[in-house]
Amino acid sequence: RDASRGAPPPRGGGGYGGGGDGCDGVDRIAKVLGTGSLAQAWGMDGGGGDGGGEDEGDGRKQKGRTQLYEGGERTRFFADDDKHGLADLYAAAKRTSGAMGGGTDAAIAEVIAGSKKFKGLSAEDEYDHDDGAGMLESRRGQKGGQKSHGGNTVWGAPGGKNISIMAEKAEQRVARIRPLIVAQGNFVYLRVPETEPIARGHCVFEPLALEPASTMASDEVCDELRNFKKCIIQLYAQRGQAAVFLEVAVRLGTHKRCLAIEAVPLPTADFEAAPAYFRKAISEVSDDNAQHKALIDTSGKGIRRSIPPGFAYFHVEFGLERGFAHHIEDEATFPLDFGRQVLEGMLESDDAGIPLHARRKLSAEAQAQNVLAFRCDFEPFDWTKLLREE
């Protein structure tokens with residue numbers, strides 16, 4: 001080793017404050033920087049380490065081998081350690097700054113851009129669209145370890161869930177409810193309730209896939225939901241009634257509940273009074289110490305522009321232009337049939353005050369009669385006929 005560079009430090013004295021004159025750590029960094037592609041860019045390539053070979057016992061020089069230890073102490077890290085000092089490297093760095101197309105920052109950026117998890121993903125995909133957070137969660141889920149399901153593993157669902165499992169749950173739900181379905185689109189179907197309806201024409205919209213809430217549903221699902229709402233409004237209007245739509249979105253992270261919107265017909269007089277009833281009912285279930293505003297007016301905006309995705313809520317719409325939303329702070333105590341209770345109390349129904357889970361489901365024969373009657377009423381307004389014609 002060149003005497004000007006000092007003797008190697010004693011063993012055990014490494015680190016930034018360890019033995020010697022305090023410059024050994026800098027010297028080691030200089031050695032690393034003086035090798036490989038960076039040294040080539042600076043015009044200081046040491047020639048691959050051939051010059052540092054040592055003679056073997058028979059006098060032959062073994063090419064490509066460098067003696068790194070002398071007397072039991074490590075004196076070199078690379079073959080060209082004896083050729084370039086720290087001063088040489090520093091001077092070369094100043095002379096050729098940017099020789100690698102922008103320096104160290106450009107090299108780091110190139111490594112990041114070539115990373116597998118960034119390939120095929122643009123800034124617009126991740127930041128300009130609503131599914132950016134889902135894509136991030138998808139990558140996090142993959143880091144945690146992927147488990148195959150039926151040979152095909154597809155990630156991208158919130159929380160890194162396997163979407164094939166979610167699809168299986170959705171298929172089981174649709175198979176169970178299929179006898180109640182009146183009309184079906186590509187993404188959403190309309191069915192009659194399993195229990196006694198509030199009034200003739202009471203129905204439910206649900207997506208075919210496992211969508212937890214309107215605020216988290218795809219655009220295709222939301223478009224078909226709106227189509228069904230428009231048709232139901234026309235059906236009710238023919239009878240001199242108006243439509244109220246109810247949705248309760250809770251347990252959004254568990255995927256145990258699916259998006260369901262109930263449509264209930266009201267006489268015109270009751271429809272005009274309904275906003276006041278719901279305003280009062282929401283104020284009664286609201287906590288004075290709640291972090292969020294108790295009543296959110298969704299008129300003209302809709303639920304998707306009023307409540308952020310992932311938040312539990314109750315939403316009531318009076319037609320398509322007016323509505324109220326309420327942040328659910330305590331999901332454990334909020335009644336899942338809250339909207340139904342308000343309407344039944346306003347209409348003085350015989351079932352008012354009876355929790356939905358405590359009510360008996362209609363017999364299969366009664367459900368079949370409800371489906372047939374509703375299908376006949378809905379047929380002139382059924383927009384899904386256009387899909388079948390195509």
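## Helix 10

The buried residues of helix 10 are F338, G339, R340, V342, L343, E344 and M346; here, buried means under 20% relative accessible area, exposed means over 50%, and partly exposed lies in between, with a 1.4 Å probe and protein chains only. Seven of the ten residues of helix 10 are thus buried, and the helix is mostly covered. These buried residues pack against strand 6, strand 7, helix 9 and strand 9, where contact means heavy atoms within 4.5 Å. Just after helix 10, E348 has a positive phi of about 55 degrees.

This is a predicted model, in which local features need pLDDT of at least 70 and side-chain atom pairs count only at pLDDT 80 or more, while totals for chains, interfaces and linings use all residues. Residues are numbered from 1 along each chain as its sequence is written, and side-chain values use heavy atoms, with hydrogens and water left out.

## Overall composition

The protein contains twelve helices and ten strands. Helices (H or I, at least four residues) and strands (E, at least two) are DSSP runs, numbered from the N terminus. Of its 390 residues, 36% count as buried.

Eight strands form an open sheet in the order 3-4-5-7-6-9-10-8, with antiparallel pairing; two strands pair if DSSP finds at least two bridges between them. Strand 3 (181–184) and strand 8 (296–297) stand at the edges with a single partner strand each, so one side of each is left without a neighbour in the sheet. Strand 6 and strand 9 run antiparallel and are joined by six bridges. Within this pair, V316 in strand 9 is the bridge partner of L246.

Helix 8 (residues 219–238) packs on the sheet, where it touches strand 3, strand 4, strand 5, strand 6, strand 7 and strand 9. The direction of helix 8 makes about 150 degrees with that of strand 6; axes are lines fitted to C-alpha atoms, for helices over the stretch in contact, and angles run from 0 to 180 degrees between N-to-C directions.

## Helix 9

Helix 9 (residues 268–285) has 18 residues and reaches 27 Å from its first C-alpha to its last, close to the expected 26 Å. The expected span is 1.5 Å times one less than the number of residues. A kink of about 35 degrees lies at A274, shortly before the proline P275; the bend is the angle between axes fitted to the seven residues ending at a residue and the seven starting there.

Helix 9 lies across strand 6, strand 7, strand 9 and strand 10, at about 130 degrees to strand 7. Its buried residues are F271, A274, P275, F278, A281 and I282. Their cover includes helix 10 (338–347) as well as strands of the sheet, among them strand 10 (322–327).

## Nonpolar cores

A nonpolar core is a set of buried Ala, Val, Leu, Ile, Met, Phe, Trp, Tyr and Cys residues joined through side-chain atoms within 4.5 Å. The largest has 31 residues, of which L190, C203, F205, F228, I232, F374 and F378 touch the most other members. Helix 8 gives the largest share of this core, eight residues. Leaving out residues up to four places away in sequence, F374 touches V182, L190, V192, G201, H202, C203, I232 and L235. Another core, of 25 residues, lies apart from it and includes F271, I282, I328 and L343.
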